[in-house]
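Have the sequence and the 3D view ready.

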Amino acid sequence: MFQTDIIHFLQSFDASLIQSIMTFISLIGTIPFVLGFILAFAFAVDFKRGLVLINVVAWTSIFTFFFKDQLALPRPINIDPTVETVYFEATDDDLRDLMPQRFFSFFSNDLLLKTRQQELSNYGFPSGHVSVQFALWFTLFFLFKRKWIRVMGIIAVFLMMVSRIYIGHHFLADVIGGALLGFIISALITFLIRKTNYLNEISHHYSSLSILWLPIFLVPFANHFPLWILGSLIGLNSAASLIILQKNFPVFHVIVWKRVLAGLISIVLIFGIMFLSKTVSFTDNNYFELLINAVFSCIIILAAVFINSRLNLIRFRF
């Protein structure tokens with residue numbers, strides 16, 4: 001499963017339309033698109049269920065980055081220079097002689113030694129696009145129990161797996177690993193949601209909001225996780241907990257344009273602070289950096305809710 005044969009087979013269907021479709025499918029699996037969708041859902045459609053989506057996607061992203069960095073496995077383009085790709089540049093080294101020869105074989109130590117000497121900025125296993133897509137659609141089906149969501153989810157995840165292989169970014173094992181990781185994370189969180197009765201409680205307390213304070217347990221291991229995602233999640237969940245325990249869940253306006261405006265205000269503010277958290281480092285201390293990200297995110301969420309409330313775009317369920 002760590003071979004480029006299937007990539008070359010898919011790329012043998014060399015047509016501009018297919019390439020455009022595969023590139024587009026891969027593009028909609030990137031963080032900005034997925035983040036935009038779940039934030040729009042949470043801050044313009046259903047805050048309660050939206051928080052579930054945000055947490056599932058964030059946890060999946062956190063552990064995807066964790067396994068990528070810990071395993072440090074190469075992408076196809078780091079081994080086979082004949083693989084066509086977009087976004088990334090293929091390697092100048094031809095390591096095909098060191099590739100696994102059998103379907104279930106793993107990378108040799110010699111190959112891993114050479115690829116790790118390349119100091120890759122983005123490792124391959126597991127596929128983040130696939131893990132997040134699987135988690136997103138699994139959770140959507142859990143929240144709404146609609147057959148069309150299940151069908152759309154299966155199609156979306158399958159196409160994402162094919163597109164990531166087609167454009168040369170992942171091996172077959174990478175996308176299968178991504179699907180498994182997305183399933184495990186989303187299954188565990190949705191199991192916790194069932195146990196705490198989060199979706200059915202009318203008046204919430206600390207135990208029913210377990211999914212919101214659970215990320216705090218990752219703080220001691222912050223050095224191993226992407227700080228901007230973990231910090232943003234902790235900040236968002238902290239703000240949400242304060243709002244819910246004090247005022248309960250916000251309810252959005254029945255008028256569509258007011259829902260859209262509420263979502264836009266929230267998305268702009270949240271995207272802004274997340275971009276700042278990802279691109280600007282305030283200190284060399286990871287724990288202090290995490291704290292800064294969490295505080296900024298918490299303040300921004302509270303500000304977004306306050307602005308929407310003052311503009312009469314939302315009210316609170318009592």
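The largest nonpolar core of this predicted model has 67 residues. A nonpolar core here is a set of buried Ala, Val, Leu, Ile, Met, Phe, Trp, Tyr and Cys residues joined through side-chain atoms within 4.5 Å. "Buried" means under 20% relative accessible area, "exposed" means over 50%, and "partly exposed" is in between (1.4 Å probe, protein chains only). The residues with the most contacts inside this core are Phe 47, Leu 51, Ile 62, Phe 63, Tyr 198 and Ile 244. Helix α4 (residues 47-71) gives the most to this core, with twelve residues. Helices, by the way, are DSSP runs (H or I, at least four residues), numbered from the N terminus. Apart from this core lies another one, of 16 residues, with Val 83, Val 157, Met 160 and Leu 172 among them. As background, nonpolar side chains tend to be buried together in soluble globular proteins.

Before we go on, some ground rules. Residues are numbered from 1 along each chain as its sequence is written, and side-chain values use heavy atoms, with hydrogens and water left out. Since the model is predicted, local features need pLDDT of at least 70 and side-chain atom pairs count only at pLDDT 80 or more, while totals for chains, interfaces and linings use all residues.

Which residues does Tyr 198 touch? Not counting residues up to four places away in sequence, the list includes Lys 48, Leu 51, Val 52, His 204 and Phe 249. (Contact means heavy atoms within 4.5 Å.) Now hop over to Ser 232 in helix α10 (residues 227-247). Is Ser 232 buried or exposed? Ser 232 counts as buried because its relative accessibility is 3%. Leaving aside neighbours within four places in sequence, Ser 232 is in contact with Leu 227, Met 274 and Ser 297.

Next up, charges. Side chains of opposite charge can pair when their charged atoms come close. How many salt bridges does the structure hold? There are three, where a salt bridge is a side-chain nitrogen of Lys or Arg within 4 Å of a carboxyl oxygen of Asp or Glu. Here they are:

| Salt bridge | N to O distance |
|---|---|
| Arg 49 and Asp 46 | 3.1 Å |
| Asp 80 and Arg 96 | 3.7 Å |
| Arg 96 and Asp 94 | 2.6 Å |

Arg 49 counts as partly exposed, at 26% relative accessibility, and Asp 46 counts as buried, at 19%. Asp 80 is buried as well, at 1% relative accessibility. Arg 96 is partly exposed at 36%, and Asp 94 is partly exposed at 43%. Salt bridges that share partners join Asp 80, Asp 94 and Arg 96 into one network.

Rings come next. A pair of aromatic rings is described by the distance of the centres and the angle of the planes. Rings of Phe, Tyr and Trp (its six-membered ring) pair if their centres lie within 6.5 Å; planes under 30 degrees apart count as stacked, over 60 as edge-to-face and the rest as tilted. A search of the whole structure finds 23 such pairs. Take Phe 2 and Phe 106: their ring centres are 5.5 Å apart and their planes are at 85°, so the pair is edge-to-face. Phe 2 lies in the segment before α1 (5-11) and Phe 106 in the loop between α4 and α5, so this pair ties together parts that are 104 residues apart in sequence. Phe 2 is buried at 8% relative accessibility, whereas Phe 106 is partly exposed at 47%. Phe 9 and Phe 13 also form an edge-to-face pair, with 5.4 Å centre to centre and 90° between the planes. And there is a cluster: Phe 2, Phe 106, Phe 107, Phe 125 and Phe 171.

Let's look at the backbone too. A cis peptide bond joins Phe 125 and Pro 126, with omega about -5°, and Pro 126 sits in the loop between α5 and α6 (128-144). Ala 72 has a phi near 50°, a positive value in a residue other than glycine. Ala 72 is placed in the loop between α4 and α5 and counts as buried, at 10% relative accessibility. Lys 145 also has a positive phi, near 50°, and is found in the loop between α6 and α7 (147-166).

Leu 276, Val 280, Phe 288, Leu 291, Val 295, Phe 296 and Ile 299 make a nonpolar surface patch of about 560 Å². Patches are made of residues with over 30% relative accessible area and no salt bridge, with like charges joined within 9 Å and nonpolar side chains (Val, Leu, Ile, Met, Phe, Trp, Tyr) within 5 Å. Accessible areas come from the Shrake-Rupley method with a 1.4 Å probe, and for residues only the protein chains shown count as cover. Helix α12 (residues 286-310) gives the most to the patch, with five residues, and Ile 299 lies in this helix.

Conventions:
Helices (H or I, at least four residues) and strands (E, at least two) are DSSP runs, numbered from the N terminus.
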